[in-house]
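Dear colleague,

Please find below the structure that I am handing over to you, with its sequence.

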Amino acid sequence: MDQIANKKRKSEKTNGPGLKRKEYEQKLRKLHVELVKLQEWVKREGRKICVVFEGRDGAGKGGVIKAMTARVSPRVFRVVAMTAPTEREKSQMYIQRYLPHFPSGGEIVIFDRSWYNRAGVERVMGFCTEDQAKRFLSIVPAIEKTMVDSGVVLLKYWLEVSPEEQTNRLTARIDDKRKIWKLSQMDLDSYTRWDDYTRARDDMFQATDTAWAPWFIARSDNKRQARLNIIAHLLSSIPYKKVPRVDVKLPKRSVARSKPLRDSLRIVADADL
């Protein structure tokens, strides 16, 4: 019973005692309806939307993205989660590997971490020089200005998690075999560098929080509320309109008889769990 009580307290700290699952799902359902409206408008109007998610390990970026994309088309909402650069990519202009992923007309591209890796993990963990990090911070506002001037709606979200909640979430990854893939050696090394990441974050905000591409901060200790807040904010930031649709009805069809499958076919058996 003590273990159950402890789990409940942890869940309430993460999700908030005032936002139960049923209430959360009801609110999320309404937002999903609006996201579909946004999707249809983006397709019809050929708009280009780019959404950047940044934050410390365990801040909840993946959860927000899953909640956002659960009921929409992956051909319109495209998620980009890039791996470490190859040797060839390391020799390129830094922004070059990200350019092919920028949205075309009729697309909403979501970056699960982005070019801001250089301002965060690369700078803190020594994967770039201090001069390279400072040069990145000096030129990225101009790159983002070019994006916006070309018609891209650019939204940048930073998920702010407390050190206590980050510890809870990373510990949960160790204890849950479904989540162990989320915890790498890099995550463990980064965990000890909280203050270094704080300084890097503040430098990033100072240099790149611009009028044309501001940062929006979402407190994410309460995961469910953070997801609702971010999706609602995104929807309020884009002047989409409902696209008229013709009422759809299934046409009549004629099925002579139900033909059984051949015995020789390989049928997936019922799982015995």
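**The cavity**

The largest cavity holds about 30 Å³ of space. The model is a predicted one, in which local features need pLDDT of at least 70 and side-chain atom pairs count only at pLDDT 80 or more, while totals for chains, interfaces and linings use all residues. Residues are numbered from 1 along each chain as its sequence is written, and side-chain values use heavy atoms, with hydrogens and water left out.

A search of the whole structure finds 1 cavity of 30 Å³ or more. A cavity here is a set of points, on a 1 Å grid over the protein atoms alone, where a 1.4 Å probe fits but cannot get out; lining residues have an atom within 4 Å of a point. Grid points are joined across faces, edges and corners, and the volume is the space filled by probe spheres set on the points. The lining of the largest cavity consists of Ala59, Gly60, Val64, Leu159, Arg169, Ser220, Lys223, Ala226 and Arg227. Helix α10 supplies the largest share of this lining, 3 residues.

**Overall features and confidence**

The chain has 10 helices and 5 strands; these are DSSP runs numbered from the N terminus, helices being H or I with at least four residues and strands E with at least two. Of its 273 residues, 40% count as buried, where buried means under 20% relative accessible area, exposed over 50% and partly exposed in between (1.4 Å probe, protein chains only). The C-alpha atoms fill a box of roughly 75 × 55 × 45 Å along the principal axes.

The average pLDDT (the predictor's confidence in each residue, from 0 to 100) is 92 for the chain, and 93% of the residues score at least 70. Contact means heavy atoms within 4.5 Å. Among contacts between residues at least 6 apart in sequence, 78% join residues at least 24 apart.

**Strands**

Strand β1 (residues 48-55) has 7 of its 8 residues buried, so it is largely enclosed by the rest of the structure. β1 runs parallel to β3 (residues 107-112), with 6 bridges between them; strands count as paired if DSSP finds at least two bridges between them. Val51 is opposite Ile110 in β3.

β1 also pairs in the parallel sense with β4 (residues 152-160), over 8 bridges. Across this pairing, Phe53 stands opposite Tyr157, and Glu54 has Trp158 as its bridge partner. In β4, 8 of the 9 residues are buried, so this strand too is largely enclosed by the rest of the structure. β4 is in turn joined to the parallel strand β5 (residues 215-219) by 5 bridges. There, Leu159, also one of the residues lining the cavity, stands opposite Ala218.

The buried residues of helix α3 (residues 61-69) include Lys61, Val64, Ile65, Ala67 and Met68. Seen down the axis of α3, the buried residues fall within an arc of 165° (taken from the directions from the helix axis to the C-beta atoms), so they line one face of the helix. Among the elements covering them are α2, β1, β3, β4 and α10.

Asp203 lies in helix α9 (residues 194-208) and, at 35% relative accessibility, counts as partly exposed. Beyond its neighbours within four places in sequence, Asp203 is in contact with Arg123 and Leu137.

With kind regards

Conventions. 1 Å grid on protein atoms, 1.4 Å probe; cavity = no way out; pocket = protein on both sides within 12 Å on 5 of 7 lines; lining within 4 Å.
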